[in-house]
Amino acid sequence: MSPALSPVIVGAGPAGVRAAQTLANAGLRPIVIDEAPRAGGQIYRQPPPGFVRDKRALYGSEHRKADAVHRAMEGLAARIDYRPGTLVWNGEDGMLDLIRDGVGSELPYRHLIIATGATDRVLPFPGWLTPGVYTLGGSQVALKYQGCAIGEAVVFLGTGPLLYLVAYQYARAGAHVAAVLDTAGAADRMRGLPGMLAAPLLLARGMYYMAWLRAHGVPLHGGVKPLRVLGADRVAGLVWQDAAGRQHQTDCDAVGYGLALRAETQLAALTGCEFDFNERDRNWLPRRDAAGRSSAAGVYLAGDCAGIAGADAAEMAGERAALAVLQDAGLPFDSRRAAALERRLARISRIRDALERAFPFPADWAREIDDEVVLCRCEEITAGTLRAAAASGAAREMNRLKALTRVGMGRCQGRMCGAGAAEVLAHALGVAPGAVGRLRNQPPIKPIPITFVAPPAAEQSR
């Protein structure tokens, strides 16, 4: 099959790998674009060649799943066109713009599966820009890819299952975890418990992480509110408030921080997908059907880029999207398998509802964030600047706010500050977050190197 007709998959995490496997098993040769140098995605990120720590140490209880995904990709080497270290920075009119080693190229597609995953959701608080504050995902990258910790004494702060997983992985690796501080409290966990009983293995794994950490002397606190990071040139500690309103200080030299995950939707927007506001994720998500078909012709969505559901769901969604590609291309596909995958994904979605009840978004954040706190680090825009724009009556939706204040105009293109800006604007206007709209995405999706070389005019496929 010629490159112009080959299905294209963006992302080689659990969703992308299973999509590629399904298409290859059907006799196609998909093109897999991977920003990372090796397949696995963020959750199963592989270290560089020659790294000697085994997978059990790197991935903990998930090591078998990680190994299965890695082996699946290795087995596809001769049957797919795999392009690691390649960034997709734009996608319009049936064409992807790529860059690899500073050289640009264009890739047309007829069927495109977007499996770009998710990133950390971070809401600023005083001192969050102090050197030594990392996202939870960044903390994982340091451990999995580079074999090191982000500090000698680390506090993990935020909420969601990833908080305890990363803390456990650090402690198992021999790092000193000074504390795990969860913004969700015991009452929240009790509200989520009935729904979590439908996923006993997931519930047992989370309880095991907590019990293991406690048994190894790691303090765990719930109902926490971060107050400020101490230190100027480097993190020296964290001041926080417990559920009873008492203030505490924990000495540390690094903080891993994240409030669950946020879907990476930029490529979906640029390829023409329509969006709806998702109350559970507090995010605008691309519209899709149960098979993963988006509203844009020939564009399919799989995994956390279309809504946070976890690695297991991503594998299923990747396979289901690939089956939809086969069906839409008029090729044989397993309809019974497709229906079974949809039922399993629907069940996982209900479990995801329970997880959100157990680890809720800190709804009081927008009300309590100080005016002086920088919200957009790229443009150094404070929360007070956004409130002033709202109070003037000139900014009543996100794109007008962006035009007036430059929030979301920096290198991250709103990927890191957009969620917080929307919360602040919505609170200032007294409306729900979905009422302020979403930032319109612009290329490049991520920064491209200054040494970028444009593709030759005649080059269309590489």
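The model here is a predicted one. The buried positions of α12 are Ala 383, Gly 384, Leu 386, Arg 387, Ala 389 and Ala 390. After the helix comes Gly 393, which has a positive phi, near 85°.

Leu 386 turns up again in the largest nonpolar core, a set of 45 residues, where it is listed with Leu 181, Leu 238, Tyr 257, Met 398 and Leu 401 as having the most contacts inside. Since domain 2 (120-261) and domain 3 (364-435) both supply residues, the core lies between them. As for Tyr 257, once neighbours within four places in sequence are set aside, its contacts are Asp 120, Val 122, Leu 123, Phe 125, Tyr 134, Thr 135, Leu 136, Leu 157 and Gly 158. There is also a second, separate core, this one of 40 residues, with Ala 19, Ala 66, Ala 115 and Ala 324 among them.

Arg 352 belongs to helix α10 (residues 335-358), and with a relative accessible area of 10% it falls under the 20% cut-off and so counts as buried. Neighbours within four places in sequence aside, Arg 352 makes contact with Arg 280, Asp 281, Ile 308 and Ala 309.

Notes:
Residues numbered from 1 in each chain as written. Predicted model: local features only at pLDDT ≥ 70, side-chain atom pairs only at ≥ 80, totals over all residues. Heavy atoms only, no water. Buried < 20%, exposed > 50% of the residue type's maximum accessible area, 1.4 Å probe, protein only. Helix = DSSP H or I, 4+ residues; strand = E, 2+ residues; numbered from the N terminus. Core = buried A, V, L, I, M, F, W, Y, C linked by side-chain atoms within 4.5 Å. Domains from an automatic or database assignment. Contact = heavy atoms within 4.5 Å.
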